[in-house]
Amino acid sequence: MPEGPELHLGSLYVNKMCAGVVFTGPVRKSEVSKSPDVPFTCEAYRITASSRGKEVKLRLTPMKSDDSKQRSKAGQADQTMDVVFRFGMSGYFRFTSEDELPKHSHLCFYSKETPCRVLSFVDTRRFGSWQANGTWQPDRGPCIMFEYESFRKNVVTHLSDRAFDRPICEVLLNQKYFNGIGNYLRAEILFRLNIPPFVPARSVLEGLESEDLCENEKPLKTEIKDEKTSDRVKTVKEETGDLLRLCHTVPLEVVNQGGKELWFNGDPGPMAPKDLKSPKAKKRAKKTEDHDYTDKKKGAKGGSKSTPKKKVVKQETKTAKKEIEKSEEMVSPQKKKRPAARGRKTSSAEPAAGPEKRSGRVTRQSSK
DNA sequence: CGTCCACGTCTAC
DNA sequence: TAGACCTGGACGG
C-alpha cells in the first residue's frame, strides 16, 4: 500500500528476502497483465532493489559464468536489467514457495532451487505497472525521503511554477515536486502543522529556505492546547519543522515503524484493542499482516507477539480525498479506523441519507 | 444481493 | 477536471 514509505519498505523486503538467492530462467508475466513483457532470461542471476519516491527499481544481475559456451546460448542475458515498478493502489512484493504464489501475482521471478521459490509482484487491482529496462520516471521529482536536499531545492526554486497556484492539499500530491507523498501522508502532514488544506500552496511555501535550517536541531516537541473545543480539549503534538521538512520526516517515521501505518504516541485511549479475540480485531490483524513487509513467521500469532516498541493503533488522520477537497475538516484530530466517508462529489446523486459511514466521525457538514 | 470505498496514476473530452 | 482502469472488503437490505 503504497505511498513512499511502503515502496521503500518493499525494496527492503526484496533485498532481505532475496539476499544470496540465485534466480534463473525467464521472468514471467500473468496472462491478464497489461504491463509490458520483461524480456530477460538468465541461467543464474540475482535481484536487488532500490526505491525513489513512489517507485521501486529491481535490478537483475546475471552471475558471472566462466563457461563461455553457456554465455553464447540464445536468449541468455549477460547484462543487468532494471525493471521499474509503480504500485498503483495495491501493489507489493512477496517471496514465497511456488505453491503459495499469491493470487494476483503479475510478474514472477523464479529461484534456482528445488523446490523453487518465487519473487512476485502482486497487485490486486492492477493499477500498478512496470517498465523493463526502466529508469526513474523523468517527470517525478527527487525522493522526499532519500533525496531531501534536492527535494527541498526543487520546490523552493520552482515556486513560480503554475503548479503552485493550487491549494496546498492538491500540490502535495504532485509527484513532480513531492515524489512519495500520497493521500494519507498529505493529510497527516497538514494536520500536524495545522495548515488549512485549501490555502494556496505558494503562500505556505514561499519564504522557506532551500536549506533546511532545522537539519541539526533536535525535533523538540511542543504542545498546543486548544481551549476552544469545550467538550474535549484537543492536544496537538507538533514537531518542529516546516512543511517541507515534515514531508521528509513523517514518511521516515512510517518507515521506522516498519510500515505499520501511522501511529500515535502515548495513551492509546480506553478503547484500544487488547487482544485478538474479536473477529474484527482478527481481521484487522490479518489485513495488516498481509501488507507489512517485516518478516512473518508462518503460523505465529501475529497479534500476541508483544513488541517492545510502543504498541499503537492506527490513527488514520487521513481525510478522504473527496473530504479534504470539499471542506476543511481534517482538523478533527483523532479519526477513527475507517475514514469518515463523505458524500459524493456532486451531491445531487446523494439521497438525503446522512453521508457518514458508521464509524461516524466528526466531519462537520460542509458549509457549502 | 447491492452500494460504497480504498495509500494512484493516466488520457480523453 | 471528470472518468477510466480494477478487485475485494465492509456494510445495508
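In the predicted model, valine 155 is in contact with Phe164, Tyr177, Phe178, Leu205 and Leu244, once its neighbours within four places in sequence are left aside. Val155 is also listed, together with Phe164, Ile168, Phe178, Leu205 and Leu243, among the residues with the most contacts inside the largest nonpolar core, which has 33 residues. Two or more residues of this core come from each of H3, helix H4 (168–171), helix H5 (183–193), helix H6 (201–205) and H7, and the greatest contribution, seven residues, is that of H7.

Helix H3 (residues 148–156) packs against helix H7 (residues 243–256) at an angle of about 145°, the axes of the two helices being 10 Å apart, and the crossing of H3 past H7 is right-handed. On the H3 side the contact involves Tyr148, Phe151, Arg152, Val155 and Val156, which meet Leu244, Arg245, Cys247 and His248 in H7. The residues of this contact comprise six nonpolar, one polar and two charged.

A further site considered here is threonine 24, which lies in strand E1 (residues 23–26). Threonine 24 counts as buried because its relative accessibility is 19%, below the 20% under which a residue is so classed. A polar atom of the threonine 24 side chain lies 2.5 Å from the backbone oxygen of glutamate 43. When residues up to four places away in sequence are not counted, threonine 24 touches Cys42, Glu43, Ala44 and Tyr45, as well as Tyr110, Ser111 and Lys112.

Terms used. Residues are numbered from 1 along each chain as its sequence is written. Chains are lettered from A and ligands numbered from 1 in the order in which they are written. This is a predicted model: local features need pLDDT of at least 70, side-chain atom pairs count only at pLDDT 80 or more; totals for chains, interfaces and linings use all residues. Side-chain values use heavy atoms; hydrogens and water are left out. Axes are lines fitted to C-alpha atoms, for helices over the stretch in contact, and angles run from 0 to 180 degrees between N-to-C directions. Helices (H or I, at least four residues) and strands (E, at least two) are DSSP runs, numbered from the N terminus. A crossing is left-handed if the near helix is turned anticlockwise from the far one by less than a right angle, and right-handed if clockwise. Contact means heavy atoms within 4.5 Å. Ala, Val, Leu, Ile, Met, Phe, Trp, Tyr, Cys and Pro count as nonpolar, Asp, Glu, Lys and Arg as charged, and the others, Gly among them, as polar. Buried means under 20% relative accessible area, exposed over 50%, partly exposed in between (1.4 Å probe, protein chains only). A polar contact is a pair of N or O atoms within 3.5 Å; within protein, one must be able to donate a hydrogen and the other to accept it, and residues adjacent in sequence count only if both atoms are side-chain atoms. A nonpolar core is a set of buried Ala, Val, Leu, Ile, Met, Phe, Trp, Tyr and Cys residues joined through side-chain atoms within 4.5 Å.
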